[in-house]
Every structure is written in structure tokens, then in C-alpha cells.
Amino acid sequence: MPSSSVGISLSFLFWALLISPSVSQTCKSQTFSGDKSYPHCLDLPQLKAFLHYSYDPANTTLAVVFSAPPSKPGGWIAWAINPKSTGMVGAQTLVAYKDPDNGVAVVKTLNISSYSSLTPSKLAFDVWDMKAEEASRSLRIFARIKVPADLAANGKVNQVWQVGPELGPGGMIGKHDFDPPNLDSKGPLDITGDNSGGVISDGEGDSKVKKRNIHGILNAVSWGILFPIGAIIARYMRIFESADPAWFYLHVSCQFAAYVIGVAGWATGLKLGSESDGIRYASHGNIGIALFSLATIQMFAMLLRPKKDHKYRFYWNIYHHGVGYSILILGIINVFKGLSILKPQDTYKTAYITVIACLGGIALLLEAVTWVIVLKRKSNNPMKPLRT
């Protein structure tokens with residue numbers, strides 16, 4: 001069937017997403033005003049952010065340029081070194097935003113001692129030559145930092161970066177999103193410049209990203225592609241007498257494969273949920289549970305399928321079709337919910353929309369063909385009931 005090749009093509013696109021969870025490789029093409037040079041640059045793996053820097057070991061001075069687009073116009077960006085941990089609490093932070101009074105980009109410092117303390121404050125180490133500038137839709141932070149002796153001796157620091165949508169009252173920065181890219185925007189920085197070819201990686205963060213992508217791939221292919229294809233096979237192939245019973249075995253094989261893959265994706269989602277304390281996507285998870293439950297009932301119902309001439313076959317068909325179409329609709333809805341959570345490149349969402357549109361177009365065409373065949377048979381045998 002033509003739609004099968006479309007589905008296979010999309011699955012390759014999703015595998016590309018798994019293999020390359022972040023696609024940002026433009027730091028080396030960026031240029032800055034002034035005569036300072038930054039020999040090291042990183043394509044940070046989250047939030048479309050970049051870091052350029054240089055380090056002078058003689059006086060343990062780190063010069064940085066951090067660039068990122070705020071999550072919304074009028075929002076803020078932040079880059080920090082956390083000398084004691086890997087997260088937000090304890091981070092010595094530089095924040096840039098456009099002053100709402102005059103529209104000029106400014107830099108402030110935040111010593112984040114707790115989640116409730118987000119007002120400008122002095123850092124635990126010296127920082128100077130701070131400035132901010134706007135570049136296209138992004139903001140940039142320039143600064144020179146005196147790296148503490150213990151961190152300088154180690155040669156590595158824990159960096160954290162973030163973007164937010166707005167400024168809060170009293171000079172406080174507004175709350176940022178808690179999507180996976182925001183929660184994974186942290187990692188080690190080798191200040192000597194040895195950062196694996198310009199892309200940093202946090203082992204735990206990369207592992208979670210891959211698990212999320214595996215979860216997305218499995219569920220998109222199963223609930224979002226294979227189940228619709230199986231429904232199309234059952235709905236339209238059986239109208240051709242020469243396709244009986246081949247259509248039935250194709251339908252069962254397709255739906256069983258979709259069920260197995262979907263259960264694997266569902267189990268991966270449960271595992272992710274157990275490893276992500278405080279992160280919940282209620283509607284996405286609830287739909288996933290409903291899909292698993294309905295599909296499991298549907299699989300076991302095949303064991304109770306009455307013969308064609310049985311008096312209960314009519315009622316079984318009503319149940320089977322009702323549950324099947326429910327799975328079809330909920331599966332597609334949940335794929336889009338998953339895409340909105342993962343937030344991959346627009347290419348992947350566009351590819352899935354294209355696949356669903358192709359399947360929908362094929363279904364409409366076959367629906368018309370089916371009715372033509374049924375009505376023609378009806379005209380040849382008026383006593384035979386309509387069956388589509």
C-alpha cells in the first residue's frame with residue numbers, strides 16, 4: 001500500500017531525531033563587535049544557545065559570550081556557573097533582558113540561593129566588563145569572570161543556562177518553562193577548551209533525551225501510523241472479493257505489530273515518568289493509559305470473535321469498530337501532544353502531518369471507490385443488503 005512507504009519514510013525521520021537530539025551547529029559562524037577573540041565555542045544542546053569563551057590560566061579569568069533567543073519577545077536569557085552543584089540553586093548567574101523603559105539590553109547578576117530568591121544580587125566571585133546586546137532575535141551576554149581557585153585547579157565548572165518569557169515585578173525574572181529542554185539545560189564546561197569538538201554533553205541529560213525520543217518514535221509509528229494503516233486495510237480491502245481472507249490477516253498483523261510497538265512505547269513513557277520527579281504531562285499520560293487499555297481489550301476480544309453467521313456477530317462488530325476508531329482518534333491526538341512536549345524541529349511535525357494527510361487522502365479516495373462498488377453490486381442484486 002502506498003501509505004506504508006510514507007510511514008516508513010517518517011520512521012526514518014524519527015530515527016534521525018533519536019540519533020541527533022539537538023541540531024545546532026552555527027556557533028563558529030557567529031561574529032562579535034570589538035577586538036576580543038574567543039577561541040572556543042560550543043553549540044549548547046538545549047534552547048538554541050551558544051557559548052563562546054576564552055580562558056587565561058595565569059590569572060584564572062574566563063571571558064564568555066552567551067547567546068540565546070528568549071522564549072518570548074521581551075523575555076530574558078541567563079548563563080551561570082554553579083560552584084557547588086549542577087542545578088539552579090547555588091548558581092552564580094548572569095541575566096540579560098531588554099529594559100522595559102528604554103528597550104536597551106542590560107545585564108544583571110543573581111546569586112540564586114533558593115528558588116524564591118531571584119532578585120539582582122552580588123555574585124560569590126568577581127565579574128566585570130559586563131554588557132548585553134541584541135542580535136537578530138537573540139540576546140547576548142558578555143562578561144569576564146574570576147574563576148575561584150578550586151574550580152580553576154580542576155579545569156572544569158558546572159554551567160547552567162536558561163531562557164524565560166517575561167520579567168516579573170520588582171526586578172525579578174519571570175518563571176521559565178519546565179519543558180524537557182529547560183530542565184536539561186546544564187552540563188560540564190572544560191574551561192581549558194577541551195569540550196569534545198564543540199558540543200557538550202551531560203551523560204544523564206543525553207540519556208533522558210534519547211529515552212524521550214525512543215518513546216516518541218515508538219508511539220508515533222504504532223498509534224500514529226500503523227493503527228491507521230491497519231484500519232484502512234480492514235475498511236477498504238475487504239470490499240474486493242479477491243482480497244478475502246488476505247485482508248483479514250494483513251489487518252491483524254498490522255494491528256498486532258502496532259500493539260506490540262505501542263506497548264513498548266507506553267512502558268518507556270512509564271519509565272520516564274518514574275525518573276522525572278515533579279514533571280507530569282497529565283493529559284498526555286492519561287490518553288496513553290486509555291490507549292493501552294482499549295488496545296489490550298481489543299486484542300483479547302479477537303479471541304471471542306463470533307463467526308460471520310452468529311447472532312451476536314452484529315453486536316461484536318459494533319463494539320470492535322467503536323473501540324478501533326476510538327484508538328485511531330486518541331492515538332493521533334496523543335502523537336501531536338507528544339510532539340508539543342518534545343518540541344523537535346518543525347520538520348518532524350510537518351512530516352507527521354504529511355503522513356496523516358496522505359493516509360486521509362487515500363482513505364477518502366478508497367471510500368469513494370468502495371461506495372461505487374457497493375452501489376453497483378446493489379443495483380445488480382437489489383435483495384442484498386448494503387455492506388461497506
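**Overall picture**

Take the contacts in the protein between residues at least 6 apart in sequence: 62% of them join residues at least 24 apart. Please keep in mind that this is a predicted model. The secondary structure comes to eight helices and 10 strands. The protein has 388 residues, and 43% of them count as buried. Its accessible surface is about 20400 Å², with 61% of that belonging to carbon and sulfur atoms.

In soluble globular proteins, nonpolar side chains tend to be buried together. Here the largest nonpolar core has 33 residues, and L51, L62, F66 and W79 are the ones with the most contacts inside it. At least two residues of this core come from each of β2 (50-56), β3 (61-68), β4 (76-82), β5 (92-98), β6 (105-111), β8 (138-146), α2 (149-154) and β9 (156-164).

What is F66 in contact with, once its neighbours within four places in sequence are left aside? The list is L44, A49, F50, L51, I77, A78, W79, L139, R140, I141 and W161. There is also a second, separate core of 14 residues, which includes I225, I233, L339 and A363.

**Aromatic pairs**

Searching the whole structure gives seven aromatic pairs. I will show two of them.

Are they buried or exposed? W223 has 4% relative accessibility and therefore counts as buried; F227, at 6%, counts as buried too.

The next pair is W266 with F292, again stacked, at 3.9 Å centre to centre and 5° between the planes. W266 lies in helix α5 (residues 246-275) and F292 in helix α6 (residues 282-301), so this pair ties together parts that are 26 residues apart in sequence. On accessibility, W266 is at 21% and counts as partly exposed. F292 is also at 21% and counts as partly exposed. The cut-off matters for these two residues, because buried means under 20% relative accessible area.

Apart from those pairs, W247, F248 and Y249 form one aromatic cluster.

At 3% relative accessibility, I217 counts as buried. I217 and G265 are 48 residues apart in sequence, yet their C-alpha atoms are 7.9 Å apart in space.

Next is N334, in helix α7. N334 has 8% relative accessibility, so it counts as buried. Which residues does N334 touch, not counting those up to four places away in sequence? They are S283, H284, I287, G288 and L291.

**A patch on the surface**

Helix α7 (residues 313-342) also holds F314. F314 belongs to a nonpolar patch on the surface, together with Y312, Y315 and I318. The accessible area of these residues together is about 490 Å².

That is the list; I can go back to any of these views.

Notes. Residues numbered from 1 in each chain as written. Predicted model: local features only at pLDDT ≥ 70, side-chain atom pairs only at ≥ 80, totals over all residues. Heavy atoms only, no water. Patch = residues over 30% accessible without salt bridge, like charges linked within 9 Å, V, L, I, M, F, W, Y side chains within 5 Å. Areas by Shrake-Rupley, 256 points an atom, 1.4 Å probe, with all protein chains shown as cover. Salt bridge = Lys/Arg side-chain N within 4 Å of Asp/Glu carboxyl O. Helix = DSSP H or I, 4+ residues; strand = E, 2+ residues; numbered from the N terminus. Core = buried A, V, L, I, M, F, W, Y, C linked by side-chain atoms within 4.5 Å. Buried < 20%, exposed > 50% of the residue type's maximum accessible area, 1.4 Å probe, protein only. Contact = heavy atoms within 4.5 Å. Phe/Tyr/Trp six-rings, centres within 6.5 Å; stacked < 30°, edge-to-face > 60°.
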